[in-house]
Amino acid sequence: MTNPLLARFIPEARELLQVSASGLLKLERNPTDETAINEVFRAVHTIKGSSGLFDALALTRLVHAAEDLLGEVRSDALQIDSSLVDMLLDSLDQVGQWIDELERRSALPADADGVAHRMATQLRQRLGAQDDAPDGGEPADGPHEAAPLGADPAPIEDVATLPPALLARLPAAACLDAFRRACGGQAVHLVRYAPEAGCFFNGTDPLQAIQQVPEALALDIAAAEPWGPLEDLDPYQCNLHFSLLTAAPRPEIEQAMRYELDQITIASVRPRDFVRITGEASDGPIWEDFREAASAFLAAGRHDELRQAVSALRSVAGPTLWRRQALDWLEVALLAAEPDPGLVAALVAAAGSGRFDPVPAAPAPAAPAPAPAPAPQSAPQAADSRQELARSVLASQHRALEQAGYDADRLASVGTVVGNVLLSLGRDADRTAIQAAFEAAREARSVAPVLSALSAVLDGTPLHRTEAAPALPAALPQAFEEAAPVAGAKEPEGRIAAKSLKVDQAKIDLLMNLIGELVVSKNALPFLAKRAEETYASREMSREIKEQYAVIDRLAQEMQGAIMQVRMLPVSEIFDRFPRLVRDLARKLGKRIDLALEGEDTAADKTIIEALGDPLLHIVRNSLDHGLESPDERRAAGKSATARILLKARQEADSVVIEVQDNGRGIDPVRIRAAAIAKGVIGQEEADRLSDQEAINLIYRPGFSTAAEISDLSGRGVGMDVVLTTVEKLGGQVSVSSRLGEGTTTRLALPLSMAVTRIMIVEAAGSLYGVPMDMIVETVRVPRERIRMIKKAETFVLRETIIPLLRLSRLLHLPDQPRGEADAAVLVCHVNGRRVGLIIDNFREGMDVILKPLEGVLTGIGGYAGTTLLGDGRVLLVLDLRELL
Amino acid sequence: MSGKRILVVEDGITMRMFYQDVLGRAGFTVEEAANGVEGLEKALLGGYDLMIVDINMPKMDGYELVSRIRREPSLQAIPVVTISTEAQDADASRAYAVGANFYIVKPADPVLLVETARLLTGAQP
């Protein structure tokens with residue numbers, strides 16, 4: 001991907017898609033949530049805006065359709081519901097896939113146009129479908145147009161008025177024919193094609209292109225900009241706009257114009273625009289009578305009688321009469337199953353009065369799209385873009401001032417703009433004159449002097465006759481050059497890099513490993529100091545080494561902390577997938593579930609976060625599958641029909657704690673026991689001995705699953721034992737608590753980071769061992785006489801708490817070292833929720849290590865968390881007290 | 001180099017980069033704000049020759065921002081261009097009504113953008 005703008009767009013779009021998806025879910029739960037709809041709308045809007053910078057028309061179109069739909073929701077014209085949310089989520093998913101594709105290949109897949117069209121059509125169908133319902137009061141926007149609009153949506157411009165020039169080119173018979181089609185619900189399309197000024201240079205023949213559109217009814221070609229003097233004409237610039245009327249459906253038009261899609265607009269034409277009545281004038285009471293009767297039928301909605309009246313009068317009126325022709329149109333209009341009342345009324349009036357007043361369209365139709373005179377967008381296409389733009393800017397100031405009237409606050413910026421424009425064009429004389437006008441305006445407290453001065457500049461002295469004009473040909477190509485890099489720039493990377501850096505994870509991991517090695521290597525220095533003192537008897541040298549060690553130690557720790565920060569990710573990384581997942585699963589299972597997230601900002605090491613995804617997913621699925629009841633069951637149990645799952649994260653000291661709470665049926669220890677016996681996980685006697693809590697813990701035993709039927713969610717052959725294994729592998733703990741009928745809480749506690757472990761080295765039975773620092777509460781020396789025997793077990797009292805004592809050497813099945821009368825060195829540890837004192841031979845220093853798990857034949861040995869290297873090269877075994885005790 | 005300073009107020013990060021790129025190359029010094037509130041704060045620090053304001057933004061939208069700018073005595077003389085994806089006349093009229101000096105439809109043509117910036121700041125090409 002060479003385009004830095006695209007590289008910036010991709011992560012932005014992904015983030016916005018995520019925001020939109022979670023906002024939609026919020027909206028589904030609470031359709032009146034204004035914050036959510038605004039959030040979603042803005043996110044989608046921003047994607048649309050930015051995507052317009054790239055060659056991804058299909059993506060822009062689909063997002064545009066979604067935005068339109070959301071706009072309706074935002075303005076309360078459309079009610080959001082689950083199927084709408086489904087459609088929108090699907091569309092956003094599709095956009096997400098395209099973003100992936102853009103990242104891989106910098107282009108959309110070949111089928112994108114088709115897919116976008118299909119999905120956008122679906123979205124717009126909802127738009128059309130509900131659009132009419134609440135606005136039934138608008139008579140002219142009747143069902144005629146709603147039908148083609150729904151079936152054949154126009155992404156750019158929905159309904160167009162027909163330009164008179166085009167209508168004039170349509171033979172009378174073709175007019176009536178088009179009218180018949182339009183009334184019958186078959187859209188007649190107006191294609192407007194504004195080819196680029198430079199289109200001849202890329203091999204486009206615009207006339208040939210527009211002629212490819214099938215079923216053409218009429219074609220009009222007009223100048224985009226008024227033709228200037230002949231000597232100024234540049235025959236190599238295309239200054240043409242094409243308007244084509246066609247009976248072809250939209251996909252065929254798009255297919256024919258597929259290379260020019262960004263330069264065309266397609267709109268369906270309202271039937272009333274085709275009405276063209278000619279003929280001789282006539283008069284007589286018969287017409288008045290008809291008008292009265294017909295109006296009454298129309299008002300009562302009695303279309304059949306109206307049709308009869310029309311046909312009766314037609315049979316007696318002369319075919320050359322103007323009014324008779326009005327009847328012809330009226331008859332066609334009435335052919336439709338649901339005639340457009342506004343149109344019919346206008347035609348009835350025409351036949352009655354001998355005059356056709358164009359139907360006042362209820363919502364005034366949008367002005368013709370391409371190039372209304374002061375639209376700034378069309379300006380740069382023309383050769384003298386700069387002059388045109390200047391005109392347009394000045395005209396805008398004129399208009400704005402005219403509307404605002406005298407307002408000193410407004411005048412200031414207009415003054416700056418006008419002055420700057422003239423300065424930029426090098427028209428110093430005009431500038432002085434305008435400045436004088438502004439002075440006068442301030443004095444007179446009226447905008448009149450400025451308005452007239454502006455008008456004079458705009459009309460009187462044509463801007464392109466000034467001395468600035470010769471500079472123009474040079475200016476334009478330069479501007480193009482400057483702008484060109486937008487499409488495929490390489491240079492501005494330096495500018496981006498200054499702000500944030502996107503780094504491959506592998507590089508961070510490498511850095512992490514290197515720092516780990518550094519931390520371990522620095523541990524060699526204290527040994528070196530000791531050797532300097534003991535072997536070489538250089539106390540001085542030893543002290544210097546120790547000083548250096550202190551510096552390196554501090555730096556290494558800071559470095560480690562810094563790199564840890566880089567690796568920290570918020571829990572939201574994994575939490576964010578759950579709203580969508582829970583919603584989809586709940587719908588599949590026919591359950592109603594409210595998911596709440598708490599503490600998403602809690603951060604933990606990337607490794608932990610990444611490893612946490614699957615276990616968490618499993619717990620949540622399990623809860624959905626087995627824990628939460630169906631709405632009926634819940635009602636029967638006197639609970640609210642909607643169940644609740646809470647995902648909660650928080651930091652506790654050096655660990656991150658994640659809880660999954662549900663208010664479902666809870667775990668029934670009786671059922672668990674029975675199931676465990678049936679599956680042969682435990683025997684009958686063992687089952688009887690278990691406490692309820694211990695029975696609940698059975699769900700973590702391999703091969704355990706109580707689900708009566710295997711659903712497609714949790715029953716995939718993976719039991720909760722996998723959760724336990726994964727979490728313990730990360731150095732974490734899992735616990736479950738449950739109350740029957742009230743719910744279940746699963747709690748995962750994981751270390752914030754797992755790369756470096758701080759340990760304390762202890763001596764026992766003549767060897768050195770490591771004990772993870774996070775298990776050690778404190779170290780005490782206990783006088784022999786304070787060690788008491790309770791039930792044959794050694795204990796001592798520490799601050800009024802009885803702490804059981806264990807000898808590490810015995811736990812390791814090693815011979816006791818006779819210690820005589822010296823005080824016992826006791827390591828007070830917190831293991832499995834209780835305090836234990838470990839009697840060891842001696843304490844040694846603390847140390848940061850990278851644990852290497854036991855490998856090969858040693859993997860089976862319990863009680864050891866892993867090994868590490870000491871500074872002098874010896875291997876240190878690090879104990880796993882949880883297993884050992 | 002024109003040396004003119006432009007404040008771009010736009011919530012889309014890609015669009016901001018686009019402005020940086022296009023206007024930066026044309027010799028303008030481009031500074032950014034990600035929403036209306038930030039835009040107003042930066043604008044009040046002063047020194048800008050032009051503001052380019054997106055309409056649809058969180059916290060404070062473009063209309064609101066422009067109308068506040070026009071109420072600030074120190075900012076009344078600064079030219080403001082509003083940019084929006086909406087091509088409807090009503091949107092442009094609203095922008096002019098609150099005090100914008102020009103209205104551009106997004107995605108803006110780079111040439112148009114540069115030329116507009118030059119004209120409104122009085123910079124020479």
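Among contacts in chain A of this predicted model between residues at least 6 apart in sequence, 68% join residues at least 24 apart. Chain A has 885 residues, of which 36% count as buried, and its secondary structure comprises 34 helices and 23 strands.

Chain A is also in contact with chain B: 51 residues of chain A meet 47 residues of chain B. On the chain B side, the elements that give two or more residues are helix H1 (13-25), helix H3 (62-71), helix H4 (89-98), strand S5 (102-105) and H5. H5(B) gives the most, with 10 residues. By class, the side of chain B that touches chain A holds 25 nonpolar, 12 polar and 10 charged residues.

Two packed helices are described by the angle between their axes and the distance between the axes. Two helix pairs are set out below.

| Helix pair | Angle between axes | Distance between axes |
|---|---|---|
| H15(A) (residues 385-404) and H5(B) (residues 110-121) | about 60 degrees | 10 Å |
| H16(A) (residues 408-425) and H17(A) (residues 428-444) | about 170 degrees | 9 Å |

The pair H15(A) and H5(B) joins helices of chain A and chain B. Angles over 145 degrees count as roughly antiparallel and those of 65 to 115 degrees as roughly perpendicular; at about 60 degrees, H15(A) and H5(B) are therefore oblique to each other. H15(A) passes H5(B) in a right-handed crossing. On H15(A), the contact is made by A:Ser385, A:Arg386, A:Leu389, A:Ala390 and A:Val393, and on H5(B) by B:Val111, B:Leu112, B:Glu115, B:Thr116, B:Leu119 and B:Leu120. These residues divide into 7 nonpolar, 2 polar and 2 charged.

The pair H16(A) and H17(A) lies within chain A. With an angle of about 170 degrees, H16(A) and H17(A) are therefore roughly antiparallel to each other. Residues of H16(A) in this contact include A:Leu411, A:Gly415, A:Val418 and A:Leu422, while those of H17(A) include A:Asp430, A:Arg431, A:Ile434 and A:Phe438. The contact has 8 nonpolar, 3 polar and 3 charged residues.

The largest nonpolar core has 113 residues, and A:Leu62, A:Val421, B:Ile6, B:Leu23 and B:Met51 touch the most other members. Leaving aside residues up to four places away in sequence, A:Val421 touches A:Ala390, A:Val393, A:Leu394, B:Leu119 and B:Leu120. Among these, A:Ala390, A:Val393, B:Leu119 and B:Leu120 also take part in the contact of H15(A) with H5(B). A second, separate core of 53 residues includes A:Leu166, A:Ala218, A:Phe274 and A:Leu347.

Terms used: Residues numbered from 1 in each chain as written. Chains lettered and ligands numbered in written order. Predicted model: local features only at pLDDT ≥ 70, side-chain atom pairs only at ≥ 80, totals over all residues. Axes fitted to C-alpha atoms, helices over the stretch in contact; angles between N-to-C directions. Helix = DSSP H or I, 4+ residues; strand = E, 2+ residues; numbered from the N terminus. Parallel < 35°, antiparallel > 145°, perpendicular 65-115°, else oblique. Left-handed = near helix turned anticlockwise from the far one by under 90°. Contact = placed C-beta atoms within 7 Å. Nonpolar A, V, L, I, M, F, W, Y, C, P; charged D, E, K, R; others polar. Core = buried A, V, L, I, M, F, W, Y, C linked by C-beta atoms within 7 Å. Buried ≥ 20, exposed ≤ 12 C-beta atoms within 10 Å, placed from the backbone.
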